[in-house]
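Thanks for making time this morning. I would like to walk through one protein with you, going from a pocket to the helices around it and then to a few individual residues.

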Amino acid sequence: MQLPDRYRLGSWSAVVGARPEDLRDADGGLDVDRDLRDGYVTLPWAGADPVGEHVRGAGRGTAAAA
């Protein structure tokens, strides 16, 4: 499913004067995952919180991720 614009990182890129495809991870300079940029999330089960899963996916692989 695709989340509303306010949850899409790409929608916020204009705030920092960048194109969505030019967004990079602040720590490693890696490209931002396309699903995160475009607000796509795959729910692990019916009834899962889409925003919670989106945030969990955004933090996956980072030192502070839960």
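Before I describe the pocket, a word on the term itself: a pocket here is an open set of grid points, on a 1 Å grid over the protein atoms alone, where a 1.4 Å probe fits and where protein lies on both sides within 12 Å along at least five of seven lines. Please also keep in mind throughout that what you see is a predicted model.

With that in place, the largest pocket has a volume of about 470 Å³, and its lining is made up of 18 residues, among which Asp33, Leu36, Gly57, Ala58 and Arg60 lie nearest the centre. Two elements, H1 and helix H2, which covers 50-59, each give two or more residues to that lining, and the largest share, four residues, comes from H2.

Let me step back to the whole protein for a moment. Its secondary structure consists of two helices and zero strands, and the C-alpha trace spans about 35 × 25 × 15 Å along the principal axes. Of the 66 residues, 21% are buried, while the protein exposes about 4900 Å², with carbon and sulfur atoms supplying 54% of that area. If we take the contacts with a separation of 6 or more, 39% of them are between residues 24 or more positions apart. As for charge, there are 8 positive and 11 negative charges, and their mean positions are 3 Å apart.

Coming back to the helices, which residues of H2 are buried? They are Glu53, His54 and Gly59, and the buried residues of H2 pack against H1.

H1 itself, residues 34-38, contains arginine 37. Is arginine 37 buried or exposed? Its relative accessible area is 17%, and because the cut-off for buried is under 20%, arginine 37 counts as buried. Setting aside residues up to four places away in sequence, arginine 37 touches Arg8, Leu9, Gly10, Pro20, Glu21, Leu23 and Val32.

Finally, I would like to turn to the start of the chain. Methionine 1 lies in the segment before H1 and is exposed, its relative accessible area being 52%. What is methionine 1 in contact with, once its neighbours within four places in sequence are left aside? The contacts are with Gly39, Tyr40, Val41, Leu43 and Pro50. For glycine 39, which is 38 residues away along the chain, the separation of the C-alpha atoms from methionine 1 is 8.3 Å.

Methods:
Residues are numbered from 1 along each chain as its sequence is written. This is a predicted model: local features need pLDDT of at least 70, side-chain atom pairs count only at pLDDT 80 or more; totals for chains, interfaces and linings use all residues. Side-chain values use heavy atoms; hydrogens and water are left out. Buried means under 20% relative accessible area, exposed over 50%, partly exposed in between (1.4 Å probe, protein chains only). Contact means heavy atoms within 4.5 Å. Accessible areas come from the Shrake-Rupley method with a 1.4 Å probe; for residues, only the protein chains shown count as cover. Lys and Arg count as positive and Asp and Glu as negative; His and the chain ends are not counted. The place of a charge is taken as NZ of Lys, CZ of Arg, CG of Asp or CD of Glu. On a 1 Å grid over the protein atoms alone, a cavity is a set of points where a 1.4 Å probe fits but cannot get out, and a pocket is an open set with protein on both sides within 12 Å along at least five of seven lines; lining residues have an atom within 4 Å of a point. Grid points are joined across faces, edges and corners, and a volume is the space filled by probe spheres set on the points.
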